[in-house]
Amino acid sequence: MDKKAGMTPVSQTRRFGFADWMIVYLVTALFIFLSLTRNAFFTYSNVHSILHEVSFNFYAAIGFTLLIIMGELDLSVGSLFGFGGAMMGFFIFNYKMSAPAAIALAVAVSALIGLAAGFLTVKFRLNSMMVTIGVMMVVKGLNWYLVNRFSGRQFALSARRFVSGGIFGVKWTIILMVVIAVVMEILLAKSRHLKQLYYIGHNADTAILYGINAKAVKCVCFAISAAMSAFGGVLMTARLAHPNVTVGSNLEISIITAAVISGASIFGGRGSIVRTMFGVIFVFTLINGMTSFNINTYVQQIILGAILILAIYLDIRANAEPTGERA
Amino acid sequence: MEEKPDFLKISNISKSYGVVKALSDVSFSIRRGEIHTILGENGAGKSTLVKIITGEASPDQGYIELDGARVLSFSPRDAHKMGIYMVHQELAIFENLTVAENIYTDHSFKTGGRIDYKKLYEETGKKLDMFGLGAVAPDTPLASLTLANQQMIEILRCIVAAPKVIILDEPTSGLNDHEAGMLMDILRRLKDENMTIIYISHRLKEIMRISDRVTVLRDGHFAATLVNDEHLTENVLINNMVGRDLSGSLYKIKTQSGAQEGAPLLEVKNFVKKNTLHETNFTLSRGEVLGVFGLEGSGASRLSRMIYGLERFDGGSLSVSGKTIPRVTPRALVKERVMYLNNNRKLAGLLPDMKVTDNMSLPILDKLSGKLGFIDFKRLAGITENFVRRFSIVLPSLSAKPKNLSGGNQQKVMLSACLVPEPEILIANEPTRGIDVGAKTEIHKFLLEIASKGVGVIIFSSELPELMSLSDRILVMRNKAVVGEVKCGDYTEQAIMRHAAFGKSPAEGTENG
Amino acid sequence: MTLLKSFARKNEFVSAVSCVALVVLLTVKGEVFWTAGNFESLQASIAPTAIMAFGMMALLICGYFDLSISSTMLLAGILCGHLEYGGAPIYVTVPLVLLAGFAVGCLNGFLVARLRINALIATIGTQYIGYGAAMLLWDKIRGGAKFSESFILLGEGKMLGVYYATWIMLALLAFFSFALKYTSAGRQLYFVGGNREASRLMGFNDRRIIFGAFAATGLLASLAGILAVARIQSPSQYTGGGVHMTCMIACVVGGGSFAGGRGSAVGALLGVAFMSLLTNMFNLLEMKPQLQNVIIGLILVTVIVMDGYLNLKKLREIGKA
C-alpha cells in the first residue's frame, strides 16, 4: 500500500561503509592527536618505524581483504604469520637452507595450508570462520612445536639483514606495501580477475549463474591469504632475528578490526586494499600511541576488543538485511 | 442437504504488489462446516487471498467478515485467536523433535512444571489413531517420517488447537494417492465436527471428491463459485480456470512452428533424480521455442535447474550441438553458450547493488578483457548502451543500480545480461514473473526475435497463454514427469490443462478412485 | 538387541564408544591408568570442563556457541584471588564471582541475541576483553599466597572418596538432563535450534531463549573457574587456557551439532570424558603438549567437516545444492 504506482518493490538492501574514506580521516586525526600530545611521535624515525611494523602486518591483511570482499573470514592469518617465521627457522637451522630458499618454501607450505582450508570450506559449504579457527589451532600447535626445537638460536646476519634494506632511507617493505596496495586497488577496480570478487561478494549465486567459478576463486584467495601471512611473518621473524611463539598472536583481531573500520563488510561486497592499509596503520599507530601513554598492554587489549565489537556492530547496523539473521 | 450459514465472507477485496494486481474486487463467502476449495492457476491470486485471510497481508480495498463481524486489520496472531489456522506448503516442522512434540508444541501436559511425557505420548497416540496414523509411534523423531506423514503431523498440530477455520495450501503436493485418500478421510471427519475447511489444490480429481463448493479465481478475478453436485465435471472446472478471452492483442496463439530442420541443438537424455524427476528426454532445435508447462509441484522448475547444473541429478546426460557435456555446471554451459534466465531475480540473476554495466559484464568478463585481464570499460559501455536501446530499458544512467529500477526494467537488465554473450540456447525460467503488462509484451517480443535468429529457447512457465503465444511445442509436466506434448497448431488451454491435471505420470503408483 | 540398536542411533553413541575404546586402550597400554592418582587427576580435568560443557551444549542446541568461556574461567579464578586475599569469606567470594561470570554471559547474550552480532566474532571479542581484564587483575596478585583453608576445601574436599567438584558436576548433570528434557524452557532450546523461523511461528521468544543460554554459560564458566583454582590452591594465569576449544569439540563429539537442534547433557559429559581420556593417553605416550594441540585442532577440523557434510547432504536432497 505504501508503494506508489509505477514503482515495483525492489530489494531493500542498503550497503554503505563508514563514509567511504572515513578511515583516512581517522588516521589523520590520530596522527594529529599524537603529534600534539607526544613530543617524540611525529619524528621521521618514529613514523618510519611504525610503518615498518605495519608493513609486515599489512601483508597478512591482503588475502584477508580479498576474502572479506567475498564474504569469507580467515581467522588463521595470525597463526600462519607466526608459523611462516617458525618454518623459516626450521628450514635454516635443520636443513641448512639458504634464507631465500627457506622463505620460499615456508610461503609455499603456507599456501598449501590455505588452499586446503579453502577447499574444505567451498567443497562442504562450511562456515569459513569455523574452518580457519580449526586451522589456527593446528598451525599454532605446529608453530609452538617448531619454535621450541630451536629456542635461543639466532639467524645469521645474512638471513636477516635484508629486511632492513631500503631506498632513499625508506625501508623496502614499506615501499612494497604501498606498491601492492596501489596496484591491487587498480586491479580490483579494472581487472576481471579481481573485479569478480565483488560480484561473488554481492551475490555468489548470481556470479555462478553467469559462469564465474566462485569456488575456485575462493580457494585461490584462501591460498593467497595464507601465503602472504606467512610472508609477513617471515619478514617479522627475520627482523627479530629469531623465531618467537608470540609472533602473530592475536593478529587476526587487529586485522578484522582494521578491515571493518576501513569500510569492509563482513557480509561481503565491500572492501579495498588501500583502505585496509590505512586500517592497519590506524590499529598499529593506536597501539603505539597507547604504549607511549604507558597504557598497560592488557588495557590496550580490552580497548581493541571493544573497538572490534563496536566496528562489527556498526557494520551490522549499516549493512545487515532489515529482517532475518545474516550475521 | 441443508444450507449451512455463511461464516467467512470475503467482500470486494483488491490487492496489488506494485504494478502487479494480485486480486481485483474478489467477493465470495464460505459457509460454516463446509470444505471449500479455492482453485486457480499459479498466479491466479490464491496465495494472496489466503494471506489476507490469515492476516499475513492486508487488502488495499475490501474487507473480511467473520461470523457476521467485520475484521479490518489483524495480525497472524489475531487470526489464531479468532480460530483461523493455516497449514503452510513450506512445512513449519521440527525434524529434530518427536512426533508428539511437533503436535503439542506448547507442552500442554505438565504435572508441577514437569513435562508429562507419558500423558503427552498417550494423548498423541490417541490423536494419531483417530487420524489413521496408528502405526506411527508418538516418540518417533519427525526426521524419520515420510514427507506425507510429516505433513499430516503439521495438520494435526493445527487440529489440536481446535480451530474454527483451517486452511490447507496444497496439502497433497507431496503425497501419493493412498496418503491423499487418508487425508481426505480426515478432512471429512473434521467437517462433520463442523470445522470450516479452506482447501487449495490443483488436483481436480481430489477436489471433485472432497469439496462441497469450489471457488475459481482467474488472473486475480473471481470467476465462479460452483456447487459440487452431479453437474460439476472436471471440464467445467478447467473451463472456468482457463476461460480467458484470448482475442486481445496481448496473446496471439502461435500456429506455425519456427523450428529449423537439422541436428538438435540441445538434447536431454534420460535425466532422472530420485523422488524428484522421472526419466526425462527431449530435444531442442535451432530457432525453436520449446515451452514446458507444469502446475506447482510438477517438477518443471527443478528440471530447469538440473539442466543448467544448479541442482544435482542422479543420472542422464546433456549434449549441446551434439557434444556431451561431461560435467553439467553453469560454467561449462556458459562456455557452450547456454544461458539461464532465473525465475527469481531477487535471489539470483542480478547484482542489485552494482551498476547496470557491471551486471552486463558478468557473463563476458573474459571477452571484455585483453591478455592482462584489464576490462575494456568503453566497450562495455557500448554494449550496455546497445542493449538499453534495443530493449528500451529506462535508466537514469549506465551506472544506475538495478535495485532502483522498476521490476520490468530489472527483468530487461537480467535478460540483457543473459543475451550479452550471444547465446545459442536460452533457458528462461518464468521469464515474465511479477512485471507489468507492457514489459511482459516487450519481453515476449524479444524472445521471439532471438528465436527467429536461430537461438534455441526453452521457456519454463506456469502461464499458459504466455506459452501458447511463444512456443513451437509445449511439453506438459505433472507429478515429476513429462506427461504430454502438444504441438503448435493443436493448442487449446483445455487440452494442455487436461495433461497437466490428469496426465498419467509414470512416477505414481495405482490410482484409486 | 533392540536396546543396543536404539542406542546405536542415539547421538551420544559415538562418544560413548570412543570413551570405552580409550579406556580399553589405556588399560592395555599403561599400568598407571587404574590408579587412584590418575583417577583423581581425571576428575580434576573432567569436572570443571564438563560443567562448562553443559552450558556450551545448551548453546549448541539452540544453534550458537561461546568462545569466551576460557577467559571467563580465567577471570573467575583471578577474581577469587582478589577477594580471598582481601579477606572476603567464602560465602561472599563465591556468589560475587558467580555474579561476575553471569554478567559476562549476559553481555554475550546481549551482543548476539539483541545486537545480532555473529556469535563467533562477538565471543572472540569478549574473550579478548575478558583475557585483558583478567591479566590486568592478575598483575596485582602475581605471586600471592595460598587461598584460605575453607576455600581450598572446595577444591580438595571429598565426599565418599570423590571430589566436591565432581559431585557438583554430577548434580548439574542431573539438573541439565532434567531441564533439557522435562521443562518448557529446556525444550524451547531444541525448537529454536531445530527451526528458528518455525519456532517464532509457534510463539516462542527466540531471543530470550538464546540470551538465557549465553547467561547460563557465563555463570557455569565462572563456577568452573572457582573449582579449578580451589583445586590448585591459588589463582593462576593458566586457568582455562584453550578450554573453549575443548568444550566445543567435546560437545560436537558428544552429539551436538553446529547446525543446532541436537544434544544432551550426558553427551556433553561423555564428550568431555573423551577429551580428557585422550589427553591422558597423549601424556601416557609422552606426546609433547604442542603436538597434542595439533591433534586436537585436527579433530576439530574433522568434526566441522563431518558436521557440515551431513548438513550438505540434507540440502542436496531438497534440491538446494
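In chain B of this predicted model, 70% of the contacts between residues at least 6 apart in sequence join residues at least 24 apart. The secondary structure of this chain comprises 17 helices and 22 strands. Its radius of gyration is 25 Å, close to the 24 Å that the globule rule gives for 513 residues, so chain B is as compact as a globular protein of that length. Along the principal axes, the C-alpha atoms of chain B occupy a box of roughly 75 × 45 × 45 Å.

The domain assignment divides chain B into domain 1 (6-242), domain 2 (263-337 + 423-506) and domain 3 (345-422). Taken over C-alpha atoms, the centres of domain 2 and domain 3 of chain B are separated by 25 Å. The contact between these two domains draws on 13 residues from domain 2 of chain B and eleven residues from domain 3 of chain B. On the domain 2 side, helix 15 (residues 437-452) of chain B supplies the largest share, namely six residues. By residue class, that side of domain 2 divides into eight nonpolar, two polar and three charged residues.

Where chains A and C meet, 33 residues of chain C are in contact with 35 residues of chain A. Two elements of chain C, helix 6 (119-141) and helix 14 (289-317), are those that give two or more residues to the side touching chain A. Helix 14 of chain C provides the largest share of that side, with 14 residues. The composition of the side of chain C that touches chain A is 24 nonpolar, seven polar and two charged residues.

Another helix of chain C can be followed from its span to its surroundings and its end. Helix 11 (residues 206-232) of chain C contains 27 residues and reaches 40 Å from its first C-alpha to its last, close to the 39 Å expected at 1.5 Å a residue. Of these 27 residues, 23 are buried, so helix 11 of chain C is largely enclosed by the rest of the structure. Just after this helix, C:Gln233 adopts a positive phi of about 75°.

Technical notes:
Residues numbered from 1 in each chain as written. Chains lettered and ligands numbered in written order. Predicted model: local features only at pLDDT ≥ 70, side-chain atom pairs only at ≥ 80, totals over all residues. Helix = DSSP H or I, 4+ residues; strand = E, 2+ residues; numbered from the N terminus. Rg over C-alpha atoms; globule rule 2.2 N^0.38 Å. Contact = placed C-beta atoms within 7 Å. Nonpolar A, V, L, I, M, F, W, Y, C, P; charged D, E, K, R; others polar. Expected span 1.5 Å × (residues − 1). Buried ≥ 20, exposed ≤ 12 C-beta atoms within 10 Å, placed from the backbone. Domains from an automatic or database assignment.
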